[in-house]
Amino acid sequence: WKVVSVEAYAPRAGQLRHNLALSWPGRHEAVEAAAWRCDRPAGPVRLFAGGGGDWEAMLAEGAPFDRLLHDACAQSPGGRVRLLKLDCEGSEWPALATLPAGGLARVEEVCGEYHLGAERWLGPDACAGLPPFTLGWLRGRLEAEGYEATFEARENGIGLFWARRPAPAAAPAAGGFAAVASPGSSRNSVLRLSALVLVLVT
């Protein structure tokens, strides 16, 4: 396996590379970019970075979300991503909304943080032409890709989501019943490393 992470904020990207090298030497790649709309070319995007009440405007290299997925899958011998984790401070909306249908076909599981009301800080240009970002829309988008989605609301329009593909039913034994595996919760295994984390299957 390999971990590919994407981080737009340069100071965090450097710390990320250091941490990944300590934890998973030879099994990681840190990409310094911002996961962004799929319908726009790569180029500078205006973001807000920081935290703890100290936010600052910055320009980052925007990378189309579908291109990031494609490049990650290309590194996996099986061509698949085991886990996609999104924590993009609202950019999950334009990224998913502009991803072509079937764009997550090679991703087994998706989890992350959603930010309702993200248009307040993303700005009108970033949100131009997008559908309203609601939980109903997010559920429908994930279900259209073949996932079963669950949500956990936090506060101020922020919450967590998990999207898993339905477990296939086992063939019933003679005279017995079919057993359907129930996937365990991945909440404790969510990798909070960067804005976007791709765990590759090898």
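**Salt bridges and where they sit**

Biologist: Which residue meets the side chain of Glu108 in a salt bridge?

Modeller: In this predicted model, a salt bridge is a side-chain nitrogen of Lys or Arg within 4 Å of a carboxyl oxygen of Asp or Glu. For Glu108 the N to O distance is 3.8 Å, and the partner is Arg82.

Biologist: How many residues apart in sequence are the parts that this pair ties together?

Modeller: Strands are DSSP runs of E with at least two residues, numbered from the N terminus, while helices are runs of H or I with at least four. Glu108 lies in strand β7 (residues 107-115) and Arg82 in strand β6 (residues 81-86), so the pair ties together parts whose separation in sequence is 26 residues.

Biologist: Thanks! How are residues numbered, and what do the values rest on?

Modeller: Local features need pLDDT of at least 70 and side-chain atom pairs count only at pLDDT 80 or more, while totals for chains, interfaces and linings use all residues; side-chain values use heavy atoms, leaving out hydrogens and water. Along each chain, as its sequence is written, residues are numbered from 1.

Biologist: Is Arg164 buried or exposed?

Modeller: Buried means under 20% relative accessible area, exposed means over 50%, and partly exposed is in between (1.4 Å probe, protein chains only). Arg164 has a relative accessible area of 16%, so Arg164 counts as buried.

Biologist: And which residue forms a salt bridge with Arg164?

Modeller: The closest N and O atoms of this pair are 3.5 Å apart, and the partner is Glu109. The pair links distant parts of the chain, strand β7 and strand β9 (residues 158-164), 55 residues apart. The two side chains are also joined by a polar contact of 3.5 Å (a pair of N or O atoms within 3.5 Å; within protein, one must be able to donate a hydrogen and the other to accept it, and residues adjacent in sequence count only if both atoms are side-chain atoms). With a relative accessible area of 7%, the partner is buried: Glu109.

Biologist: Which residues are linked with these in a network of salt bridges?

Modeller: Glu108 and Arg82 are partners, as are Glu109 and Arg164. The network links Arg80, Arg82, Glu108, Glu109 and Arg164.

Biologist: Which residue pairs with Lys2 in a salt bridge?

Modeller: Their closest N and O atoms are 3.8 Å apart. Lys2 is in strand β1 (residues 2-6), and its partner, 27 residues apart, is in strand β2 (residues 28-31). Lys2 is partly exposed at 22% relative accessibility, and the partner, also partly exposed at 29%, is Glu29.
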